[in-house]
Amino acid sequence: MSTSTPAKRSYHHGDLRNALVRAAAELAATGGPDAVTIRGAAREVGVTPTAAYRHFENQADLLEAARALAMDGMVAAMAEFLAQVPTDGDPVGRALARLRSTGLGYIRFAVEEPGVFRTCFTGRLGDEEEGMNDPAPYVLLGEMLDELVAVGYLAPEDRPDAEAGPWAAVHGLAMLLIDGPLSGLGAAERETAIERTLELVTRGLATGPRAMP
């Protein structure tokens with residue numbers, strides 16, 4: 001009777017790195033950024049830590065790669081809500097709906113994927129040497145604010161650096177809902193808090209000639 005030894009998992013060039021990043025993101029989803037380690041990711045993939053270290057110099061490098069993958073997930077969630085906004089109707093109303101939809105997607109992602117959300121904002125926000133310091137949600141928010149200027153809701157002189165306020169409000173609420181005193185809210189109360197925050201954000205941006213009362 002002959003026996004055979006199960007073949008070891010093999011990877012093409014580059015596949016192991018991607019597998020480790022995906023494993024790191026899964027670790028982050030359950031345990032947050034502190035759960036992301038090279039040894040842990042290697043164990044999930046089924047390789048030795050030595051093999052993993054050929055692709056990542058240290059835990060910080062792996063965490064940064066996992067953070068980038070997590071950020072992609074966040075942007076995809078925001079884009080999903082953005083795609084639900086009708087393409088017709090009043091330009092001001094549509095621009096405001098697009099802004100609210102991105103904020104709603106941001107918060108929903110935080111509530112549904114708290115571990116991944118925490119990982120998004122761990123480590124560097126970009127490659128400083130290449131001048132890419134802005135994370136994708138920040139860039140998307142900037143596009144929404146530019147639309148508000150184009151439709152006359154946000155005054156052009158108030159546009160520079162206007163991202164900080166809305167982002168602080170939405171991110172702050174997200175953190176309160178997953179890690180703070182609002183984490184115990186029921187579904188209805190949570191929805192009220194989200195809607196009220198987004199309403200106040202849009203009202204606060206009303207400085208242009210076509211701003212709604």
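**Reading an all-helix predicted model**

Modeller: A search of the whole structure, which is a predicted model, finds 1 cavity of 30 Å³ or more.

Biologist: How should I read a cavity, and what is the volume of the largest cavity here?

Modeller: The general idea is that rolling a probe the size of a water molecule over the atoms shows where empty space is left. In this structure the largest cavity has a volume of about 140 Å³, and its lining is made up of 14 residues, with T102, G103, L141, P166 and V170 lying nearest the centre. The elements that give two or more residues to this lining are α5 (91–112), α7 (136–150), α8 (164–179) and α9 (187–204).

Biologist: Which element gives the largest share of the lining, and how do the lining residues divide into nonpolar, polar and charged?

Modeller: The largest share comes from α5, which contributes 5 residues.

Biologist: What should I make of a positive phi, and which residue that is not a glycine has one?

Modeller: In general, most residues other than glycine have a negative phi, and most peptide bonds are trans. Here D161, although not a glycine, has a positive phi of about 60 degrees. D161 is found in the loop between α7 and α8, and with a relative accessible area of 66% it is exposed.

Biologist: How are aromatic pairs read, and how many aromatic pairs does a search of the whole structure find?

Modeller: A pair of aromatic rings is described by the distance of the centres and the angle of the planes. The search of the whole structure finds 2 aromatic pairs. One of them is formed by Y106 and F117, an edge-to-face pair with 5.5 Å centre to centre and 85 degrees between the planes. This pair links distant parts of the chain, with Y106 in helix α5 and F117 in helix α6 (residues 114–120), 11 residues apart. Y106 is buried, at a relative accessible area of 2%, and F117 is buried as well, at 0%.

In the pair of Y138 and W167, the ring centres are 5.3 Å apart and the planes stand at 55 degrees, so this pair is tilted. Because Y138 lies in helix α7 and W167 in helix α8, the pair ties together parts that are 29 residues apart in sequence.

Biologist: Is T197 buried or exposed, and with which residues is T197 in contact, leaving aside its neighbours within four places in sequence?

Modeller: T197 has its place in helix α9. The cut-off for buried is under 20% relative accessible area, and T197, at 18% relative accessibility, therefore counts as buried. Leaving aside neighbours within four places in sequence, T197 is in contact with A169 and L173.

Biologist: And where does R94 lie?

Modeller: R94 lies in helix α5, and at 27% relative accessibility R94 counts as partly exposed. With neighbours within four places in sequence left aside, R94 is in contact with V85, P86, T87 and D88. The C-alpha atoms of R94 and E147 are separated by 9.5 Å, while the two residues are 53 residues apart along the chain.

Note on methods:
Residues are numbered from 1 along each chain as its sequence is written. This is a predicted model: local features need pLDDT of at least 70, side-chain atom pairs count only at pLDDT 80 or more; totals for chains, interfaces and linings use all residues. Side-chain values use heavy atoms; hydrogens and water are left out. On a 1 Å grid over the protein atoms alone, a cavity is a set of points where a 1.4 Å probe fits but cannot get out, and a pocket is an open set with protein on both sides within 12 Å along at least five of seven lines; lining residues have an atom within 4 Å of a point. Grid points are joined across faces, edges and corners, and a volume is the space filled by probe spheres set on the points. Helices (H or I, at least four residues) and strands (E, at least two) are DSSP runs, numbered from the N terminus. Rings of Phe, Tyr and Trp (its six-membered ring) pair if their centres lie within 6.5 Å; planes under 30 degrees apart count as stacked, over 60 as edge-to-face and the rest as tilted. Buried means under 20% relative accessible area, exposed over 50%, partly exposed in between (1.4 Å probe, protein chains only). Contact means heavy atoms within 4.5 Å.
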